[in-house]
Structure formats: structure tokens, C-alpha cells
Amino acid sequence: MKTLHRDSPRTRLRGLRPVVASFGGAFAAAVLGLTLLSALVSLFWTPWDPNSASAERTWLGMSAAHPLGTDGSGRDVLSRLMAGSSTTIVVALGTGVIAAVIGLLLGVLGGLGPRRGRQAVTVLIDVLVAFPTVLLAMMLAAVFGSGIPIVLVSLGIAFGVSIGRVLRAEFAQVASADFVLAARAAGLGRGAILWRHLIPNVRPVFVVQLSLSMGLAVLAEASLSYLGFGAPPEVASWGRMLSETQRYVSIHPASVLWPGLAITLVVLSFLLLGDALRDALDRRRGDGAPHPERELLQ
Amino acid sequence: MTRFLLARTGVLAVGWLLASLVIFGTLRLLPGDVAQVIGGTKASPERIAALRQQLGLDQPLLLQYTDWIGGVLRGDLGASVVTGTPILSELAEKAEVTIPLALLSLVIALAVAFPMGVFAAYRRGTGVGQTVSALGLVAAAIPAVWAGLLITIVGSTWLGWFPSQGFPREGWADPGRALRSLALPALTIGLGEGAVLFRFVRSATLSALDAEHVRTAMSQGSTRLRALLTQGLPGVGLSIVSILGLQAAALLVGAVVVEQLFGLPGLGSMLVSDVSTRDLPKVQSTLLVLTGFILVIGAVVDVVHRLIDPRLRDGAE
């Protein structure tokens, strides 16, 4: 009986095929795959040492030796982009994991918990939403100092609250559906109902939210690194690279191109991936119109 | 309505109190001695002792908290430990930059997002409509710092229309100059927020086009455009109003980054420098004022939404 309900791993993978079939999904998969690959490669090899400065090699244009040129300290831009991609991957995945745990907890407690618990979660979420991501990160940076771990924790909390806000409503809605009532009447326990009926129904919304959060986390890391509360100087990060170009923007306007383009492409890919996943997974809302709540993560 | 107002005010007060506990609690989690952190590692023991007394750190935590909140409720936010100036007067001074910046950004965001979102939804499925939608998506993915730098290159370096840095020392004495120095920063925040709002307007308009009252108008002989404008858009407008509260938070975050980028002496750049110098009492009070501000805007938006949305009026539920 059980095998009838469960997707085998193969059919599950096949279910993801529509994601890559759309142009947006294929684009997202290509960009994110390339970023992941470059992050992995950069752990072992980059064309140049991303941190080795040289007074003789500053502001070189594109050449065979330096495909993307060098920056104001003579560091190879391509090598720095590659090294920075691992920071981006760490920020996106780390924030994603923390936000997923917090979001699911808040969603289950706030949507399905006992009455008092639901109210408490509602108030908590409303209060935490008043702490915008960057302010939360600055508050934690004021206490614990800055760095990537602080960025992960504060962004994870902030996006986890946003996900919890959406999941709470979804869980509450699904919990009142007839098939849940039927399952309960059939004698299924709470845990079994949650695992077999509620979570699968909330999963499309959850996956889309998560993808969106990871994209916005990359954006927020760029802002935080610019403000000096993100990656420390010795860690290569696209946000940091972008902020280092500000001083030279009037003399070397082209220098702002690469880090900004890299961030934009990755964030765009996460947004497109979210849309593609929604279209592929969501059987309830097939109209392609974004759900209002999903547009508001900040 | 009175009941709703009372209930909403209650939620607001509880929310603000909880926010104050979160801020106070987090800033007191500091590993080590607050006075030591503020004074720096080279501070003499006498200086540390004086700081402890000045900050009231020798008092029990609960008393420190009630002292702080009591002061805030009387309009006394305390003083900066770095400069010694009262926090309230400095906040008021910096707000003269940040609030006009946020309002200007909001106007730009709405002016971009509303017409383009409605257009993209109305022309859904056509090449133009899809191009506008794609542009909106790309714009939402651009980091604020990059957008600001690109806008500076175009608006200041190439065209030379607007200053790239700073705010006039005499403030709003010369409104034209002040506005000109806010132009590029407001454009940076406004386009970023506009991209987020655009996606929302587009999806709200798409659902409006499929809504029964719009389809009814069309079945009675109204054109699709006319039905959308007369029957659909009021609903779209209302759903935009209902999310403006959340936008207040986004505008504030935008201001933190953009003020730093354009060298504007506003609340955002003040907070950045206070966090860097570990002026904890000031960070604490500033965060309380900012979160309170966001919570109040959320409440005001809720009340306005209820006033203007006939579906939410008393008895209509």
C-alpha cells in the first residue's frame, strides 16, 4: 500500500523535469550550476592568487593572462570572482538551511499548534517582521562583531520569520481541508497527518519561498559587506568587491561591471528558479499568477 | 470601528514592548563587559568604572530596562556615550534627511510600479508585456549598491545633472539644492522598491482581470480596458495600500545602504557609524525608535485600509 502513495526517487526527479524545460528554469539551473562549479573549483585552483596584490599590474584590461583584467590593487578579477562565488554559495545555502528550520517551526506552531501557541507565534512574527534584515544583522554585528557567521544567523532568522509568516497561513488553510478531516476520521495520528498530508501540500509554497529567500540573502550579503558588517577584508566576496570599486567609480567606471553582474545573475536565477518550481510543483494554483505574500519578502 | 481601533492599538503597544525586549535582550547578550567594549581595550580602570556608572550597568538588569523604557516614554532617549549629545535631538536632525528621502523614493517606486505593472498584466502574453515583466524581474535582482553606482555614473559622471555625494550643510534652507542632492539616492531606492512593487501590482492586476465583477462588466458590453480601469483598478489600489506597511521597512533598509553610498547625513549612516563605534545606548534607542516607526506605519496602514475598503467595514464581514 505504502509504495502507492510514495513517489520513488526516480519519479520525483522526473517531476523536476518541467523546471528545466522552461527558459527561466534552464537559465537558472545553468547560472547556479556554474556558480557552484566555480565555487568548488576555487577551493583547489584559481588562475591567480585572488589576494596577491601587485603595484605593476593595476587596472589591466582584458587579456589572455587576465581574462577580466585586474583591479586597483593588481589582483586578478576572474580569480576574485571565483573565490567570491564560494562565499555566495555559503551565504545562500547557510541562510536557506537556517531559514527553512525556523520557518517550518514557526509555520507548524503558528498554523497547527494549540490556540495559545498560535496567538503567541502570530504576535512574535508581527514583531520580528518590524526588524528588517539589514537592521537585524547590524544589531547582531554591534554585539558579536561582524563576519559571515553573523550574516548567516541574522539573515536566516529574518527570512525564517518571513517564511513562517507564509507557512502559518498555508498550514492553517490545509488543516481545514476535507481530506485532512477524512484522514483524522480514519484514525491517522497527528504526526502521520502532518507528514503525509500537510507537509506535501505546503511543500510547493515552501520551496518557492526558500528559493526566493536564498536570492534575497545574496542581495543582503552584498549590502552588509558594503556597510562593513559582512565579509572581512581577507575573505573574497562579491559584495566586498563591489564596494571596493566605489572609490574609483569616476575614473574606472568599468570596474563596477563584473561583481555587480555576478550578483545580479545569481539573484535573478534564484527568482527564476522559484517561479519555475512553483509552476512545476503547484497543482493548486496553476494560473501562473504569483501569490501576493510571496512577493513581499524583504 | 472603535473596537477595531482599540484592538489594533493594543496589538501595537504589545508589539512595541516586545520589540523593546528583543532589542534590550540582544544588546545585553554582549559577551564580556559593555563598558569595556565601549571604552576600548586601552581604557583605564577608572574610565571603565565611570562608564559603568554613567550607563547604569551597576544596577540590576530589570532596573536598567525600566529606566530606559521609562525615559523613552517621557521623551528622553538618553545620550550618546561617544559624543554626549542627547539622542533625541540628533535623531530629529537626521530624520530631516531620511524622511524626505523615503517619501521621495516611495513616490518614485509607485510612479514606476503602478503603470508598468498594470500594463504588463493587461498585455500579458504579448511580446511587450513579457519584456516589461522580464525587466521588472531583472531590476528586482540588482543589488542596491550596484544600482547606486550605475546611477551615479550616468546621472552625475556622464550627464552631470546631479551631485554624486553629500547633502547641503545648511539643510533645507535652499530646498532646490537639498532636493537635487536627494535625486540620485531616491532614484536608487525608488527603482529597487519599484521592481518589488511592480511584481505585486502585476499579479494583483492579473487576478483583477480574471475577477468575476470585471468579467461581468465585459459581458455587459464594456471593453476589456474600460472594465479593468473602472472595475478592476480600485481593488488593485486597495491591495497595494495593504502592503505599504511592509514597504516602510524596505525603504528604511534601502536608506541605510543608499545614505552610506551617497554620503547623506541621515538616520541610516548615523546607525552604521554608531554600530562601528559601539555606541550601544544610541544603537539601542535608535533601533527602538525605528522599529516603533515601522510598527506604527503598519498599524496606520491597517486602519486606513479598513476605512477605505468597503469589504472590511463593520458588519460586512
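At what angle do helix α4 (residues 23-44) of chain A and helix α12 (residues 257-281) of chain A pack, and how far apart are their axes? In this predicted model, the two helices pack at an angle of about 135 degrees, with a separation of 8 Å between their axes. Since angles over 145 degrees count as roughly antiparallel and those of 65 to 115 as roughly perpendicular, α4(A) and α12(A) are therefore oblique to each other. The crossing in which α4(A) passes α12(A) is left-handed. On the side of α4(A), the contact is formed by G24(A), G25(A), F27(A), A28(A), V31(A), L32(A) and T35(A), and on the side of α12(A) by L265(A), V266(A), S269(A), L272(A), L273(A), D275(A) and A276(A). Classed by residue type, this contact of α4(A) with α12(A) comprises nine nonpolar, four polar and one charged residues.

Between the chains, 53 residues of chain B are in contact with 41 residues of chain A. The elements of chain B that contribute two or more residues to the side touching chain A are α1 (2-28), α6 (127-140), α7 (144-158), α8 (175-210), α10 (224-262), α11 (267-276) and α12 (280-308); of these, α10(B) gives the most, with 10 residues. The side of chain B that touches chain A divides into 41 nonpolar, 10 polar and two charged residues.

Most residues other than glycine have a negative phi, whereas R278(B), although not a glycine, has a positive phi of about 60 degrees. R278(B) is partly exposed, with 19 other C-beta atoms within 10 Å.

Methods: Residues numbered from 1 in each chain as written. Chains lettered and ligands numbered in written order. Predicted model: local features only at pLDDT ≥ 70, side-chain atom pairs only at ≥ 80, totals over all residues. Axes fitted to C-alpha atoms, helices over the stretch in contact; angles between N-to-C directions. Helix = DSSP H or I, 4+ residues; strand = E, 2+ residues; numbered from the N terminus. Parallel < 35°, antiparallel > 145°, perpendicular 65-115°, else oblique. Left-handed = near helix turned anticlockwise from the far one by under 90°. Contact = placed C-beta atoms within 7 Å. Nonpolar A, V, L, I, M, F, W, Y, C, P; charged D, E, K, R; others polar. Buried ≥ 20, exposed ≤ 12 C-beta atoms within 10 Å, placed from the backbone.
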